[in-house]
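Biologist: Please take me through how to read a model of this kind, one feature at a time. Show me the chain before we start.

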Amino acid sequence: MTTLQQQYQAQIIELVNTCHRAAQLGYVHSQGGNLSMRVEEDIVLITPTKMYKADVTFDDICIVTMEGLTLYAPEGGKPTGELPFHLRILGRRPDLKALVHAHPPILTGFAIAGGHFLEKPYLPEPVLEVGPMVMVPYAEPLSEELALRFDEAVEKSNGFLMENHGALMGSTEGVRRALQLLEMMEAAARSVLVAHMLGGAKTLSKADVENLN
């Protein structure tokens, strides 16, 4: 164990456990998805590239600076190729401590369908704990353009749908909490989908939303 790994041992364990939970939920498949956790103002833990999240171990977690410098990576490994958008979002949102990018089936279905269905207020808890699931226009995965796509959206919410790609959830508390919020939004998306199948989804009124705050 390196000195850095020892320093952030508890946070690395939390990140590893969250990777395993994301795989258990069926939110990540094959080598898809990536998770990050800010542990200091300039230090971020992040998952490695090309690895199934159920197989991630303590020594696989990479440690990088906010400038993108790798301080630790496993032998022969490197941080996820989605590192640029993690760092750009964390840089623009200093209140966020963690990000989970995954492909929950229902949320990803809404991301493929397009539109702004999940930006509407349907249920109290998502309104209070996340905000709208803001649609981010498509850009090629792993690209700098994808990182730039978040610029207009990142201040609007902690939850995002990535068009024709997947979902992203941020948390001010930690990576475990980010996955919990993503799980809540996947359940909400399923409920909205069922409501539409039954003839329509009724939203909360503006007064209802204001009363929640």
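**Loops, burial and overall size**

Modeller: Ser-30 lies in the loop between helix H2 (9–25) and S1. Helices (H or I, at least four residues) and strands (E, at least two) are DSSP runs, numbered from the N terminus. This is a predicted model, in which local features need pLDDT of at least 70, side-chain atom pairs count only at pLDDT 80 or more, and totals for chains, interfaces and linings use all residues. Residues are numbered from 1 along each chain as its sequence is written, and side-chain values use heavy atoms, with hydrogens and water left out.

Biologist: Is Ser-30 exposed or buried?

Modeller: Buried means under 20% relative accessible area, exposed over 50%, and partly exposed in between (1.4 Å probe, protein chains only). Ser-30 has 56% relative accessibility, so it counts as exposed. Its backbone also deserves a look: phi is positive at about 50°, although Ser-30 is not a glycine.

Biologist: Which phi does Lys-50 have, and where is Lys-50 placed?

Modeller: Lys-50 is not a glycine either, yet its phi is positive, at about 55°. Lys-50 sits in the loop between S2 and strand S3 (62–65). Because its relative accessibility is 64%, Lys-50 counts as exposed.

Biologist: Where is Glu-41 found, and why does Glu-41 count as exposed?

Modeller: The loop between strand S1 (34–40) and strand S2 (43–46) contains Glu-41. Glu-41 counts as exposed because its relative accessible area is 73%.

Biologist: Let us turn to another loop residue. Is Ala-153 buried or exposed?

Modeller: Ala-153 belongs to the loop between helix H6 (144–149) and strand S7 (159–162). Its relative accessible area is 5%, so Ala-153 is buried. The C-alpha atom of Ala-153 is 6.8 Å from that of Val-136, and these two residues are 17 apart along the chain.

Biologist: What share of the protein chain do buried residues make up?

Modeller: Of the 213 residues in the protein chain, 48% are buried.

Biologist: How many helices and strands are there in the protein chain, and how compact is the chain?

Modeller: The protein chain has eight helices and eight strands. Its radius of gyration is 17 Å, close to the 17 Å from the globule rule for 213 residues, so the chain is as compact as a globular protein of that length. That radius is taken over C-alpha atoms, and the rule is 2.2 Å times the number of residues to the power 0.38. Along its principal axes, the C-alpha trace of the protein chain spans about 55 × 35 × 30 Å.
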